[in-house]
Amino acid sequence: MKSFISGIKREVNRMCSRKMYIFGMVIVPIFTIIFFLSLLHSGLPEQVPTAVVDLDHSSMSRSVTRSLKALQLLDICEEAESYDQALDQIREGKTFGFFVIPANFEKDALSGNTPTLEYFTNMTYFVPGTLSFKGFKTVAVATAGGVVQQTLVSLGVDPQNVASLVQPVAVDQFPLHNPWMNYSYYLTPSFSMATFALMIMLMTVFSITIEIKEGTSPQWLATNGGSMVQAVATKLLPQTVVFMAVGLFILWLMFGYSHFPLNGSLFWLIVATFLLVTASQGFALFVTTVVPNPRLSFSLCALFGILSFSFTGFSFPVQSMYGALAVFSWLAPIRYWFLIYINEGLNGVGLYYSRFYYVALILFPFVAGVMLRRLRKACLNPVYVP
């Protein structure tokens with residue numbers, strides 16, 4: 001017990017002596033969650049800068065332009081005179097798309113011809129490109145319906161029957177579990193917690209490999225009575241306390257301050273956050289035991305942590321990935337926390353459906369413990385290879 005307390009004191013002193021710990025353990029995770037909450041505070045990006053090219057200049061084309069300006073998603077900040085001018089505005093970054101009303105649009109529509117409405121979006125920027133596409137499509141469909149309605153009335157069809165002919169089937173949409181279509185409820189937890197897990201892995205690797213780099217690993221072991229298990233425990237326990245405090249603060253920002261939907265149990269989300277901390281430490285410890293070299297272990301954890309933003313299902317469904325890539329999604333601790341958040345926060349389906357995810361998070365530290373003998377050997381004979 002005496003050596004355990006001495007080991008804890010030693011690690012607390014090391015943490016307080018380096019600004020790197022405060023920066024990596026506290027500042028970066030909190031900055032990330034505040035950044036995403038501020039960026040997506042409205043829930044859905046609005047007023048995407050776009051342009052309209054009116055080649056007809058008729059009353060009907062001006063009506064279409066007013067419909068575009070009335071959309072909350074779009075900001076018609078430019079009115080180009082030609083297709084080429086509108087395309088140049090996209091290339092210059094002024095707009096993310098433009099809507100083209102062809103010449104003789106009103107004449108062709110009223111005479112029974114088939115005028116073509118065109119809209120172009122810059123999908124290099126996925127979110128504004130998608131939103132501008134959605135806005136343009138809405139106006140195009142509404143305009144087409146209006147032209148058909150006007151044509152049918154001019155042919156003598158009863159105006160009361162026109163609506164049933166234009167839209168014979170009414171479609172009601174009910175988005176499940178996120179009816180507000182709020183991007184922040186999905187993106188903020190995923191990316192902020194993924195950054196949180198990444199910093200846990202990096203700080204774990206740093207705190208262990210710095211002992212080998214500076215040649216203090218034998219002293220580290222001696223302080224803990226020569227026990228590698230105790231040495232790892234005393235090193236990671238103070239970090240676990242700090243990371244858990246930061247994790248609780250992140251949860252408070254999401255569910256307390258920002259009022260994210262919580263259809264399940266906050267207690268089990270707290271448990272999942274604690275397990276995410278220990279699982280990320282376990283993953284980093286495993287990498288360090290396999291490659292007890294600061295540069296290589298840092299690179300592996302950083303590469304895996306950054307790629308986890310992509311292959312854990314945040315932006316692309318795992319079920320649609322190639323099998324060789326989908327396998328990696330199940331090796332990332334943040335994947336299981338994300339699935340637990342979906343079940344507890346958004347779906348509210350209960351603990352039973354998340355039981356395997358909790359078990360997976362619990363297994364990470366135990367897997368790392370198998371390789372501690374290799375780490376002990378590296379700590380007793382520290383060799384730093386730049």
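In this predicted model, helix α8 supplies the largest share of the lining of the largest cavity, four residues. The search of the whole structure returned one cavity of 30 Å³ or more, and the space in the largest cavity comes to about 50 Å³. Its lining consists of Ala194, Ala197, Leu198, Met201, Phe304, Gly305, Ser308, Ala332, Pro333 and Ile334. Two or more of these residues come from each of α8, α12 (294-311) and α14 (333-347). By class, eight of the lining residues are nonpolar, two are polar and none is charged.

**Pockets**

The largest pocket holds about 380 Å³ of space, and the second largest pocket about 300 Å³. Phe126, Val127, Asn178, Met181, Asn182, Tyr183, Tyr186, Leu187, Phe191, Phe314 and Ser315 line the largest pocket. The elements giving two or more residues to this lining are α6 (126-154) and α8 (184-214). Helix α8 contributes the most here too, with three residues. The class count for the largest pocket is eight nonpolar, three polar and no charged residues.

Which residues lie nearest the centre of the second largest pocket? They are Val232, Ala233, Leu236, Gln281 and Pro365, out of a lining of 15 residues. At least two lining residues come from each of α10 (228-257), α11 (266-290) and α15 (355-369). Helix α10 gives the most to the second largest pocket, with six residues. In this lining ten residues are nonpolar, five are polar and none is charged.

|---|---|---|---|
| Largest pocket | about 380 Å³ | α8 | three residues |
| Second largest pocket | about 300 Å³ | α10 | six residues |
| Largest cavity | about 50 Å³ | α8 | four residues |

Ser190 is placed in helix α8. Is Ser190 buried or exposed? Its relative accessible area is 1%, so Ser190 is classed as buried, the cut-off being under 20%. A polar atom of the Ser190 side chain lies 3.0 Å from the backbone oxygen of Tyr186, and Tyr186 is one of the residues lining the largest pocket. Apart from neighbours within four places in sequence, Ser190 is in contact with Phe314 and Phe338. Phe314 is also part of the lining of the largest pocket.

Thr216 sits in the loop between α8 and α9 (217-223). Thr216 counts as buried because its relative accessibility is 17%, and the class takes in values under 20%. What does the side chain of Thr216 make a polar contact with? The partner is the side chain of Glu211, at 2.4 Å. When residues up to four places away in sequence are not counted, Thr216 touches Arg10, Arg14, Ile210 and Glu211.

Asn13 belongs to helix α1 (residues 2-17). Asn13 has a relative accessible area of 53% and is therefore exposed, a class that needs over 50%. Along the chain, Asn13 and Met371 are 358 residues apart, and their C-alpha atoms are separated by 27 Å.

Leu176 is found in the loop between α7 and α8. With a relative accessible area of 68%, Leu176 is exposed. How far apart in space are Leu176 and Leu346, C-alpha to C-alpha? The distance is 9.1 Å, for residues that are 170 apart in sequence.

**Confidence**

The average pLDDT of the protein chain is 87, and 94% of the residues score at least 70. Where in the protein chain is confidence lowest? It is lowest in helix α7 (residues 159-166), with a mean of 65. Confidence is highest in α11, at 95; α11 is among the elements that supply at least two residues to the lining of the second largest pocket.

Terms used
Residues are numbered from 1 along each chain as its sequence is written. This is a predicted model: local features need pLDDT of at least 70, side-chain atom pairs count only at pLDDT 80 or more; totals for chains, interfaces and linings use all residues. Side-chain values use heavy atoms; hydrogens and water are left out. On a 1 Å grid over the protein atoms alone, a cavity is a set of points where a 1.4 Å probe fits but cannot get out, and a pocket is an open set with protein on both sides within 12 Å along at least five of seven lines; lining residues have an atom within 4 Å of a point. Grid points are joined across faces, edges and corners, and a volume is the space filled by probe spheres set on the points. Ala, Val, Leu, Ile, Met, Phe, Trp, Tyr, Cys and Pro count as nonpolar, Asp, Glu, Lys and Arg as charged, and the others, Gly among them, as polar. Buried means under 20% relative accessible area, exposed over 50%, partly exposed in between (1.4 Å probe, protein chains only). A polar contact is a pair of N or O atoms within 3.5 Å; within protein, one must be able to donate a hydrogen and the other to accept it, and residues adjacent in sequence count only if both atoms are side-chain atoms. Contact means heavy atoms within 4.5 Å. pLDDT is the predictor's confidence in each residue, from 0 to 100.
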